[in-house]
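Trainee: Could you take me on a close look at one part of this model, the way its pieces pack against one another? I would enjoy one connected walk through it.

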Amino acid sequence: MKLKLYRYHDGMTEPRYDTFELEPSSGLTVLGALFQFQQKFDDSIAFHYSCRGAVCGTCAMLINKVPRLACRTQVAALLNDELHIPLSPYPAIEETVDWNPEEDVLVEPLPHLPVIRDLIVDMNKFFDFYKYIEPVFKPSDPAPKKERLMDSSSVPELELYTNCILCAACFGSCPINGSDLQYLGPAALAKLYRFYIDPRESDDNSRLKRADEPRGWWDCDFHGNCRRVCPKEVPPLIAIAKAREQLNLEREK
Amino acid sequence: MTVSLKHDDEVVTASSLVSIHYHDVIIIGGGLTGLRVAIQVSDAGLDGAVLSKVHPLRSHSVAAQGGMNASLGNVPGEDGTTDSWEMHAYDTVKGSDYLADQDAVELMCREATSTVYELEHMGTVWSRLENGKIAQRPFGGAGFPRTCYAADRTGHNALHTLYEQVLDRGIPTYEEFFVTSLVKDNGRCIGCTAIEIMTGNVHGFLSKAVLLATGGFGRIFNRSTNALINTGDGHAIALDAGVPLKDMEFVQFHPTTLYGTNILMSEGARGEGGILLNSKGERFMEHYAPKSMDLAPRDVVARSIEQEIKEGRGHEEGYVNLDLTHLGEDRIMERLPGIRQIAMDFAGVDPIKDPVPVQPGQHYSMGGIDVDIHGATLLPGLYAAGECSCISVHGANRLGGNSLLETVVFGRLVADKIIEENNKLATQNIEPIKIAVHEVESKIEEILERKGAENFFKVKDDMSKSMFNNFGIYRDDQSMHEGLNEIKKLQRTLSNLSPNNKNRAVNQTLIQFLELEGMLKIAEVVAYGAIARRESRGSHTRTDHPDRDDNRFLKHTIAFLKDGNINITYKPVKLGMFKPKERVY
């Protein structure tokens, strides 16, 4: 098995691909493979890592043409085609280099964000969109002495969205994020919806209005790549569809 | 000479481009503690900034699973009794094997309920009971179902909440800045230096107060639940600045880490009713802790598992099973969805159908930078809070659910102390910061110019293996001395090595190299503390001194650097409401 890596830094006219023979070991993940490359082949390789347990969201990259967390992706399962995720096509996942999905692990930077070096992308744009939706709790009442009571049955729906780890895999998988540079993207919209449905906030539609514009709720074409690549099974499409329904209802009034 | 600087001015010196930033308070670390401090400092009208070697959301706090202890009393105890902060304090002190300082424990437990409510008020989504109150579950070593939780993603929910609050306040964060040194002037900490990882530039930071909130040093051990970034950077720069470290030999080994990767399987799994089984299918905890069984404190359960494995009743590869199958799919999906996913992703096991292979692994650093009850170190102007500090609420063994609590309680309280002090101080002298930046530049140049051909990554491997083998769950004099010799040898080896990558921009190998230098110092401190403590207490278990010895060792270990050598002294434990007695579970 081989690791085929995208390499780029300032001063290069175009990216190159390095190929490295991997030492197989049980439980080897793509992140583990990157450390092998760093320690045995070229220690100038740049990539993000932290928790190595699929909870911190820092290592999303394009792996065999699918945005995934490197730490969660098992090399053996990938080569055995056990991790197949069918994606609605978009330019960033078209062929860039020869590779054999049965033998090679092709690792490239997450699409739709500028490359800083090798596999590190500049996440500012992603976080700017996240900040744009005002991701902070705005309770409808002043804080009580103890906790606000909350219907336990409302928690599961909220958790669908609070589970987001802001890894941007969805952003890199969304065909609209590739074509419309202003589109807020699935993660920001799902986060906005999380606050909208929080029963401790006001029950009007003011939250939804924040993204009631072409670059917000209305830009999505329901390709569904976001949900398919999400390592935490967050469903932005449901959020977007329900938000549109609410806004349409209000307009009809 | 004092140069007065406005917020975040960039000062250009004649010799080279040096960025020096001014903030009232520099907060090093962007986990729960660092962010909680930042919020408090901002609300007091001061200018605080967060420096972190990763984006704050990638901090290890995000991985905390099980929960946060507070005597809310939302769930009654076994015989209908109600929880209290005193009961929480008792469990914590007993869990600590009486090494915790009881004034700090009392403070933490008194402040616990308001801290959980505070997070709720900021928007954290806690799991709820039928009656709408925050849900609580049983945890190891606790007399009540006291642990508030957000499924098994409590740290994730809390960290995202605090990050949202930090963004809302527009608090400056320097992301991917690796702190290289603390700067002193006239016996006071006046700031720090840091490498901006993406450019390789060294920056200076001038402030009236510096707070360390850099987390634990778990990665000096090869089997660890910790994130790869937990390299004890704060401990290392504090030690270099002459600040003492306390009780560093007390390292927690969590009983249930996933076999193979050592990713954490929350204690909440046993809190929800999960049980441990040896290779014969026996529920072996009934032999070791007949009353508490699988929910005995972590040191007890970790030792029990290790003993089962050593005596041939574990599975051959060195693990036992954590069985959740009897809990049923609904309960697992509702309460433990995160660890189910981890077991499936990283071990190919679905806990709904099959038991999960687990083994003990390093999890937490009870010891840390020596601070008083206000979070102040011996160096004026320097504070520490959270896992990197030792205010001593955990003593010799931490209870599950008390670390998240510590981060947020002391984040707030230490910030209050910093705010109080800050208002009395004038702006500090900028010159020592400039000198410190140049010193770091020279050090980096020296390292990158070295010709050592050997691969330095091997040093890291050798260190972490040696630490687990010689300073793991069971320790004895001979193997610890072998371990110490190995650490010293590795320090000498590293001093001749260098990364192959000589770039300055985005040189992550250089960062790993600098981390490793610090880790080897910390490993040495752990070793000296462990060798000198000739007793067994909490997580520190010596086969050659199996009993606790209150006459000689009911005291804190203090380690500091003098003339390049580690010195060990002791200081008394602050006792209080609870007199030391034998720990039985």
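Mentor: Let us begin with the two domains of chain A, whose C-alpha centres lie 28 Å apart. Please keep in mind throughout that this is a predicted model. The division of chain A places domain 1 at 2-120 and domain 2 at 123-252. Where these domains meet, 21 residues of domain 1 of chain A and 20 residues of domain 2 of chain A take part in the contact. On the side of domain 1 of chain A that touches domain 2 of chain A, strand 3 (60-63) and strand 4 (66-69) of chain A each supply at least two residues. Strand 4 of chain A provides the largest share of that side, with 4 residues. Sorted by class, the side of domain 1 of chain A that touches domain 2 of chain A has 16 nonpolar, 3 polar and 2 charged residues.

Now for some helix packing in chain A. Helix 7 (residues 186-196) and helix 10 (residues 236-252) of chain A have axes that come within 9 Å and cross at roughly 60°. The two helices of chain A, helix 7 and helix 10, are therefore oblique to each other. As helix 7 of chain A passes helix 10 of chain A, the crossing is left-handed.

Taken along the principal axes, the C-alpha atoms of chain A fill a box of roughly 60 × 40 × 35 Å. A compact globule of 253 residues would have a radius of gyration near 18 Å, and the 20 Å of chain A agrees with that.

Let us step over to the partner chain. Where chain B and chain A touch, the contact takes 46 residues from chain B and 38 residues from chain A. Four helices of chain B each give at least two residues to the side that touches chain A: helix 3 (102-122), helix 4 (154-168), helix 10 (337-347) and helix 15 (508-532). Helix 4 of chain B gives the most to that side, with 6 residues. By class, the side of chain B that touches chain A divides into 20 nonpolar, 17 polar and 9 charged residues.

Two of those helices, helix 3 and helix 15 of chain B, also lead us into the packing within their own chain. Take helix 3 of chain B and its neighbour, helix 2 (residues 85-95) of chain B: they pack at an angle of about 135°, with their axes 9 Å apart. That angle makes helix 2 of chain B oblique to helix 3 of chain B. The crossing of helix 2 and helix 3 of chain B is right-handed. From helix 2 of chain B come Trp85(B), His88(B), Ala89(B), Thr92(B) and Val93(B), and they meet Gln102(B), Val105(B), Glu106(B), Cys109(B), Arg110(B) and Ala112(B) of helix 3 of chain B. The residues of this contact between helix 2 and helix 3 of chain B divide into 6 nonpolar, 3 polar and 2 charged.

Next comes helix 15 of chain B, whose axis comes within 11 Å of that of helix 13 (residues 457-470) of chain B, at a crossing angle of roughly 25°. This makes helix 13 of chain B roughly parallel to helix 15 of chain B. Helix 13 of chain B passes helix 15 of chain B in a left-handed crossing. Their contact is made by Val459(B), Lys460(B), Met463(B) and Met467(B) of helix 13 of chain B, together with Leu516(B), Met519(B), Leu520(B) and Ala523(B) of helix 15 of chain B. The class count for the contact of helix 13 with helix 15 of chain B is 7 nonpolar, no polar and 1 charged.

Finally, the domains of chain B: domain 1 covers 257-359 and domain 2 covers 438-549. Their contact takes 4 residues from domain 1 of chain B and 5 residues from domain 2 of chain B.

Technical notes: Residues numbered from 1 in each chain as written. Chains lettered and ligands numbered in written order. Predicted model: local features only at pLDDT ≥ 70, side-chain atom pairs only at ≥ 80, totals over all residues. Domains from an automatic or database assignment. Contact = placed C-beta atoms within 7 Å. Nonpolar A, V, L, I, M, F, W, Y, C, P; charged D, E, K, R; others polar. Axes fitted to C-alpha atoms, helices over the stretch in contact; angles between N-to-C directions. Parallel < 35°, antiparallel > 145°, perpendicular 65-115°, else oblique. Left-handed = near helix turned anticlockwise from the far one by under 90°. Rg over C-alpha atoms; globule rule 2.2 N^0.38 Å.
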